[in-house]
Amino acid sequence: KPEGGFFAMTDKTPPKETSQRADFVIVPGNPAPDGAEIVWFKGSEGRALRACIAPALTYENPRGTVIVCPGRTEFIEKYFEVGRELQAMGFAVVIIDWPGQGLSERLLDDTKKGHIDRFETFMGALAKGLEKLDDRLPRPYVSLAHAMGGAIALAAIARGLVKVDAAAFCAPMWGLKSKFFGMNYLVWAMRVTGRSDDYAQQPGPAETFQTNIVTHDERRWQMQRDLCDAAPELELGPVTWGWLGASLNIVATFGKVKALNKVSIPVFVASAGEEMLVDNASHAAVCARLPDCEHVTVEGARHEILMETDERRAEFWDGFERMLKRADI
């Protein structure tokens, strides 16, 4: 395998409607899960979307499949380490590049804008990807979702679009940290006046490890930068007013009386003790309404718990295993 740049893991090619590559992005220190390959599929609105599938290493008796739902700005290669760890636990793994992220088809001409029209687009991509891969994925299914992926996964499970046997959430975006009086009205005004595609916040100086608010682990922080240096098309900038409006809409649904009534599976939720992006109070509120849920706070962890230091990550994996035990997986 080459030490940098692109490495073709499969002979599959992306659909004609996208110019993006079918290869994984490989950089030193971040090997793909064993046997991993790229699969392309079409989302609900015909967009070309990229997924990664990696088999269970115990082919004769796989433990099941873990469906990894990344957060905003994230992409398949960032979760290679997580994928390898899940394989070591006996699972097959699926990781999806959301519409508008990673190497999936972007939604706007300015490909750096973090945009979505509505979260149903994300949920449709998840359902379509699992449908595409259905005959290759051993049961039971387990969802593992981070941040924005946590909003997508919870909504998809609650609405019956995706059926899983257990669900783990890492700093899920069930509420936004930064809010001010009148936010909903401002977002509504921007969208109805045709500014949905505009940045809600203009791009600023490049983040450094010293200024980052997501992890204390410099090696894992640097890995995302190395991947984006190798393939700049992986990068994603600040959100648009459209994304912000769609996010406010989806998190509002979790507070509705009957919204979570169908979520009866074992659930594990990990909040970050030093969270600065999502609202930890929303985690407690959602967990209180789930019949089989363990909620922990990883003290000293920033937002990206799975990209944190080893000891903080271990707390998440311990809770993950407790959830699997409750689910008899």
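1. A nonpolar core, as the term is used here, is a set of buried Ala, Val, Leu, Ile, Met, Phe, Trp, Tyr and Cys residues joined through side-chain atoms within 4.5 Å. Please keep in mind while reading that this is a predicted model.

2. With that in hand, let's start inside the protein. The largest nonpolar core has 58 residues. Phe119, Leu126, Phe169, Met173, Phe254 and Val263 are the members with the most contacts inside this core. Helix H3, covering residues 148-158, gives the most to it, with 9 residues. As background, nonpolar side chains tend to be buried together in soluble globular proteins.

3. Setting aside neighbours within four places in sequence, Phe119 is in contact with Met148, Ala151, Ile152, Met173, Ala246, Ser247 and Ile250. Met173 is itself among the residues with the most contacts inside the core.

4. Now to a charged residue. Where does Glu275 lie? Its place is the loop between strand S9 (267-272) and helix H7 (280-287). Glu275 is buried, yet has no salt bridge. The nearest side chain of opposite charge belongs to Lys177, 6.9 Å away; a salt bridge would need a side-chain nitrogen of Lys or Arg within 4 Å of a carboxyl oxygen of Asp or Glu.

5. Not counting residues up to four places away in sequence, Glu275 touches Ala171, Lys177, Asn280, Ala301 and His303.

6. A few backbone details deserve a look too. Most residues other than glycine have a negative phi, and most peptide bonds are trans. Thr73, which is not a glycine, has a positive phi of about 75°; this residue sits in the loop between strand S5 (64-69) and helix H1 (80-88). Ala147 also has a positive phi, near 50°, and is found in the loop between S7 and H3.

7. Is Ala147 buried or exposed? Ala147 counts as buried because its relative accessibility is 7%, and buried means under 20%.

8. Finally, a peptide bond to check. The bond from Arg139 to Pro140 is cis, with omega near 0°. Pro140 belongs to the loop between helix H2 (119-133) and strand S7 (141-146).

Terms used: Residues are numbered from 1 along each chain as its sequence is written. This is a predicted model: local features need pLDDT of at least 70, side-chain atom pairs count only at pLDDT 80 or more; totals for chains, interfaces and linings use all residues. Side-chain values use heavy atoms; hydrogens and water are left out. Helices (H or I, at least four residues) and strands (E, at least two) are DSSP runs, numbered from the N terminus. Buried means under 20% relative accessible area, exposed over 50%, partly exposed in between (1.4 Å probe, protein chains only). Lys and Arg count as positive and Asp and Glu as negative; His and the chain ends are not counted. Contact means heavy atoms within 4.5 Å.
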